[in-house]
Amino acid sequence: MWHELPLVIFTIAAQMSVGSFVVLGLIHLLNWNTPQATLDKVTMPALYAIGPLLVLGLAASTLHLGSPLRAANALLHLQSSWLSREILLGMFFAGSGALFAVLQWFRLGSHRLRQALALVTAIIGLSLVYAISQVYSLRTIPAWSTFNTPLRFYITTFLLGGVAVAAALVVASFIRRRRGGPVDLEARALITRTIQAISFGSIFMLGLKFIAQPAYMAYLGTEGSAAAQATLEMLSGEYMVLSAAQNILIFLGVAGLGFLLFRMAGSQGGWSKLLPITTVAAFVLILSGEFIGRLLFYATMVRVGI
């Protein structure tokens, strides 16, 4: 199970960084009437965590190639290979995101230029997630050659990316407070609205995940090949406990976000020491569940004819 750990780290890190970038962009887009200084104050700490996250993932992926030099060779087949496209898009996303972060930090270029670059970076990132899913959509592996592969990758992207942003925003805010910074009611209101929106989005993603999972199991049971049947037997037998643990951890994490919705509903009274603890705990639980799920994704892979 652990031999594909580099790919587990890469796919999760890449998808989480893409999701985080898109969520941060949506915060700016949906709060267009909020002063730019407030938006930057709230979102900048999370922005600078995205780059190192993707670099970590890309570095982990080269370990799977055996030699980092093979990554360059993989770029030679862009017209026919989704792996080549994945590597190229990953490099473009990292480079474009880094350029945006530099322009944003030093306030270089116009605001519209930075917005346009952010949009391009988000599109590249979402394309990267699709390319990753297509690398695994192999006809010889029924468990992967299904609607569930791109769907589960995009669910990870938005679910994990959203809760990562929520944790980053709240933790950064409390660190500023502990350092003696003044209470910024406008920034607090923005963070409150953002946490509420991310909580609703996470609940939606959880529902989508729990709808897709039985459909996927049904597909494996009716696909007809011995490979699909073998995957189904592993998920319902050898790896049943891990499969259940994955769902329980993600459910508990989203339930924590639901608790925040209740605490924050209609007032600022939800701001307490529970807020950073709950958001970080939700992030850890969902990340752990997604990590287990990605391990199972590789562990239950069975090729046709083998």
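**Aromatic rings in a predicted model**

Visitor: How many residues apart are Tyr216 and Tyr219 in helix α7?
Guide: They are 3 residues apart in helix α7 (residues 185-222), so about one helical turn separates them; helices here are DSSP runs of H or I with at least four residues, strands are runs of E with at least two, and both are numbered from the N terminus. This is a predicted model, in which local features need pLDDT of at least 70 and side-chain atom pairs count only at pLDDT 80 or more, while totals for chains, interfaces and linings use all residues. Residues are numbered from 1 along each chain as its sequence is written, and side-chain values use heavy atoms, with hydrogens and water left out.

Visitor: Is Tyr216 buried or exposed?
Guide: Tyr216 is buried, its relative accessible area being 7%, where buried means under 20%, exposed over 50% and partly exposed in between, with a 1.4 Å probe and protein chains only.

Visitor: And how many aromatic pairs are there?
Guide: The count is 12 aromatic pairs, taking rings of Phe, Tyr and Trp (its six-membered ring) with centres within 6.5 Å, and calling planes under 30 degrees apart stacked, over 60 edge-to-face and the rest tilted. Phe21 and Phe93 have ring centres 6.1 Å apart and planes at 80°, so this pair is edge-to-face.

Visitor: Which helices do Phe21 and Phe93 sit in?
Guide: Phe21 is in helix α1 (residues 5-30) and Phe93 in helix α4 (residues 82-106), so the pair links distant parts of the chain, 72 residues apart. Both Phe21 and Phe93 are buried.

Visitor: Back to Tyr216 and Tyr219, what kind of pair are they?
Guide: Their ring centres lie 6.5 Å apart with planes at 25°, so the pair is stacked.
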